[in-house]
Amino acid sequence: MRQEQFVTRYQHEWQQFEDWLQRRGEKARKGHSGLDPPLPGDETIPQRYRRLCQQLALARRRGYSPQLVERLQQLMQRGHNLLYRTPAPRWQRAVEFLIADFPQLVRRQAGAMWIACALFAVPLIGIFVLLQFQPELIHLLLDPRQIAQMEKMYDPAADHLGRDSGTNWAMFGHYIMNNISIGLRTFASGLLAGVGTVLVLLFNGITIGAVAGHLQNAGFGEPFWRFVVGHAPFELTAIVIAGGAGLQLGLRLLAPGRKRRIDALVEGGVIGARLCLGVAFMLLVAAFIEAFWSAIVWVPMWGKLTASGVLWTLVIVWLWRGGRGGAGDAH
């Protein structure tokens with residue numbers, strides 16, 4: 001085969017491989033982690049790389065021009081460097097995911113996130129305000145045992161805020177299990193065409209609003225707020241993000257668009273699973289704050305509010321600016 005025929009036959013393959021190298025190389029230079037979703041065509045690259053190596057060997061054996069051999073050699077070398085480079089340590093990939101990839105993913109699902117926020121926050125605020133004017137309605141929302149338990153937990157004379165007993169480490173473990181179970185339930189309920197996630201968000205919003213509204217009206221407001229304001233930035237935001245993950249899953253089930261329903265559902269599951277990794281981290285931080293900071297009695301209200309303001313600012317800036325300008329914000 002003459003060189004002109006050889007180039008005509010394989011030029012398209014070489015161009016496609018070079019385009020992939022360019023895209024993948026840009027992501028690597030921008031510090032994206034191995035937790036990134038695959039690029040289109042990634043699954044065919046090993047096969048294309050092997051074909052390129054065979055074509056380079058043919059070009060050398062047949063004595064094609066040095067320029068052609070050099071081009072194929074460079075493509076082969078670039079492909080080798082990307083395919084066989086040493087991966088970043090797992091801790092580094094995890095940090096990159098949390099700092100940049102996770103907030104980018106949250107922003108790409110902004111519609112579902114805002115709907116989840118409304119489903120959670122509107123009933124929470126509405127019930128809280130309503131109970132300030134009609135406190136007797138609390139008996140329609142919580143049973144007498146729950147009301148008595150809440151009042152005991154936030155008694156100003158108690159040794160700890162927000163809990164009856166238990167060491168900080170024991171409560172830390174309890175909060176982790178409780179918080180993460182809520183987050184996973186909120187996301188997984190999206191499989192019920194999104195209806196399950198809607199109900200979980202509404203239920204949590206109503207319950208939290210009822211507890212806050214009753215304690216505020218009953219004179220336990222200060223100890224309650226001193227307890228919750230510290231871990232609220234991470235915990236409440238994580239619940240909303242888990243809700244958004246569940247809603248986008250349900251939406252793909254109901255309206256897959258041009259994709260097959262199963263393909264759309266798998267895509268939504270992958271997105272939701274990655275979101276849940278970030279949610280789990282947020283709930284872990286919330287549990288730590290709740291166990292070791294929120295329950296402290298001697299810190300005054302202004303100290304708790306100041307710490308809460310700092311944490312809210314960190315969470316908002318992180319989700320708003322994290323990974324800003326990367327490839328993930330092009331969507």
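Across the whole structure, a search finds six salt bridges, where a salt bridge is a side-chain nitrogen of Lys or Arg within 4 Å of a carboxyl oxygen of Asp or Glu. This is a predicted model, in which local features need pLDDT of at least 70 and side-chain atom pairs count only at pLDDT 80 or more, while totals for chains, interfaces and linings use all residues. Residues are numbered from 1 along each chain as its sequence is written, and side-chain values use heavy atoms, with hydrogens and water left out.

One of these salt bridges joins the side chains of Glu-18 and Arg-71, at 3.8 Å from N to O. The pair links distant parts of the chain, 53 residues apart, with Glu-18 in helix 1 (residues 3-29) and Arg-71 in helix 3 (residues 66-83); helices here are DSSP runs of H or I with at least four residues, numbered from the N terminus. Glu-18 is partly exposed, with a relative accessible area of 27%, and Arg-71 is likewise partly exposed at 25%, on a scale where buried means under 20%, exposed over 50% and partly exposed in between (1.4 Å probe, protein chains only).

A salt bridge also forms between Glu-267 and Arg-252, whose closest N and O atoms are 3.3 Å apart. Glu-267 lies in helix 11 (residues 261-294) and Arg-252 in helix 10 (residues 221-254), so the pair ties together parts that are 15 residues apart in sequence. Glu-267 is partly exposed at 31% relative accessible area, whereas Arg-252 is buried at 18%.

Asp-263 and Arg-260 meet through their side chains in a further salt bridge, at 3.0 Å from N to O; Asp-263 is partly exposed, with a relative accessible area of 35%, and Arg-260 is exposed, with 57%. Salt bridges that share partners join Glu-18, Arg-71 and Arg-78 into one network.

Turning to a buried position, Thr-186 sits in helix 8 (residues 168-188) and has a relative accessible area of 0%. Its side chain reaches the backbone oxygen of Ile-182 at 2.7 Å. Leaving aside neighbours within four places in sequence, Thr-186 is in contact (heavy atoms within 4.5 Å) with residues including Thr-197, Val-200, Leu-201 and Gly-246.

Helix 9 (residues 195-217) has 23 residues and reaches 33 Å from its first C-alpha to its last, close to the 33 Å expected at 1.5 Å a residue, that expected span being 1.5 Å times one less than the number of residues. Just after helix 9, Gly-219 takes a positive phi of about 95 degrees.

Note on methods. Helix = DSSP H or I, 4+ residues; strand = E, 2+ residues; numbered from the N terminus. Polar contact = N/O pair within 3.5 Å; in protein donor to acceptor, adjacent residues only side chain to side chain.
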